[in-house]
Amino acid sequence: MEEVKDLNPKPLTVRQYLVVSSMLFGLFFGAGNLIFPIHLGQLAGAHWVMATVGFLVTAVLLPMLSVLAVAVTRSKGVYDIGRPLGPTFALVFMVLIHATIGPLFGTPRTASIPFSVGVQPLLPANMAHVGLLVFSAVFFGVAFLIAYRQSNIMTTIGKVLNPLFLLMLFFVFVLGFSHPMGHASQQAVTSAYVHADFFNGFLQGYNTMDALAGLAFGVTVVTAVSQLGKTSAKSNAKVTARAGVMATGMIGVIYVGLIFLGATTLGRYKVSADGGVAFNQLVGYYMGTFGHALLATLLTVTCLTTAVGLIAAFAQDFHKHFSRVSYRQWLGFMSVASFLTANFGLDTIIAWSTPMLMFLYPFAMVLILLSVFSPLFKRDSVVYAFVVVFTAIPAFFDMIAAFPAVVSQSAFGKAMGAVQQAVLPFANLGMDWVVPALIGLVLGLGFHFLRPVFASHRVASRQQVNNR
């Protein structure tokens, strides 16, 4: 088949690259990307540097690789990433990813976090439920309107909402770094971070959901780049990869600053229950009531950009594979479902999203790495199959262990936990999937590279028999 040529044969300008990168940054960077790094800084204290390195692996490097995976394989969505394992696996994987970062957990969180952290403290206690209902309805209504026309997404996020967010965040950084609350290197370290600071930072990166989101946003980014005239698969992938590196690099710089600021807050405050409280303390200390208003605005703006990307990616992918329902109908379904889930409250959403993240992240990590390096083994499905099958076992154990007590502390949950700790290496660090995945990789690559040898040997044997 003849490859589609670019409608715009000229190289993109620096300004166009910045707009695409800004859009991708806005899609990735939501409220969780603000509150989880600050809380990590409080938990790690003086060990914030190694915890930051671990966090950057799963919260920056992995999302960057997910964008590169989309570019290398010339995929148009999360479905294509799982396609080497067959259409059934690819479809199930796509549905699970979109359900997790979509209406079940990720997208509702984009409304519940800015409300609970930025808006709820300004309301009377008896108005919390009504306030969340009204806020989430308006929030997802606006997100629906922005995503209604796909051509609006890059303009609205890349040129308007994202620069506004960065300006407000820069203001917070100036205050925090010019007048720190304490010396980060001298703060207390919580027990979990005394000896396993890197690994705990690594696991905290799961909470951003950005590796999963990077796969899902593939179709949105590819569509946006096509609108700039880069319609051939090769040039589209090239632009996507460059923009992805620029966007995730900027996110990494912000993470370092936020984790550092989180550690400095221990000079004035104790470790908070979550990052939302820590951020409230930070802006309240420097700016008082105005700080709370700024925080509410900051969180709402950054969450709105992420919500737009999530509902648009959901609608685009589902319309592609379930085309009887239109893009705008899927968009409406996603918006309403996210609104309903958001009203269960932030604590409930986080408690039940963690098990799904512990289950899906190992799959996402191995599929991303396999996709990036797939040219080395010609994207052989045998390699994929071995790695994914060997990863499934520890991922299942991690999911059971991460469920709320009603499951994890049941007789079944305790039995699974005992087997996990006894059989799987590094289970106590949450890294029990690594060794099985490596075993699967070795076996898969062995079959891939030895298969031609066995095939030629069989041909030679048949020729000898025929010659007799």
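A crossing of two helices is called left-handed if the near helix is turned anticlockwise from the far one by less than a right angle, and right-handed if clockwise. The crossing of helices H3 and H10 here is right-handed. The structure is a predicted model, in which local features need pLDDT of at least 70 and side-chain atom pairs count only at pLDDT 80 or more, while totals for chains, interfaces and linings use all residues. Residues are numbered from 1 along each chain as its sequence is written, and side-chain values use heavy atoms, with hydrogens and water left out.

Helices are DSSP runs of H or I with at least four residues, numbered from the N terminus. H3 covers residues 48–72 and H10 covers residues 197–204. Their axes come within 6 Å and cross at roughly 35°; an axis is a line fitted to C-alpha atoms, for helices over the stretch in contact, and angles run from 0 to 180 degrees between N-to-C directions. Contact means heavy atoms within 4.5 Å. On the H3 side the contact is made by Met50, Ala51, Val53, Gly54, Phe55, Val57 and Thr58, and on the H10 side by Asp197, Phe198, Gly201, Phe202 and Gln204. By class, this contact has seven nonpolar, four polar and one charged residues. Ala, Val, Leu, Ile, Met, Phe, Trp, Tyr, Cys and Pro count as nonpolar, Asp, Glu, Lys and Arg as charged, and the others, Gly among them, as polar.

Next comes helix H14, residues 275–321. H14 has 47 residues, yet its end C-alpha atoms are only 37 Å apart, short of the 69 Å that a straight helix would reach. That expected span is 1.5 Å times one less than the number of residues. H14 has a kink of about 140°, centred on Met287; the bend at a residue is the angle between axes fitted to the seven residues ending there and the seven starting there. In H14, 34 of the 47 residues are buried, where buried means under 20% relative accessible area, exposed over 50% and partly exposed in between (1.4 Å probe, protein chains only).

Two loop residues remain. Most residues other than glycine have a negative phi. Lys378, however, has a positive phi of about 55°. Lys378 is in the loop between H16 (346–372) and H17 (381–402), and counts as exposed because its relative accessibility is 74%. Phe426 also has a positive phi, about 65°, and is in the loop between H19 (411–423) and H20 (434–467). With a relative accessible area of 45%, Phe426 is partly exposed.
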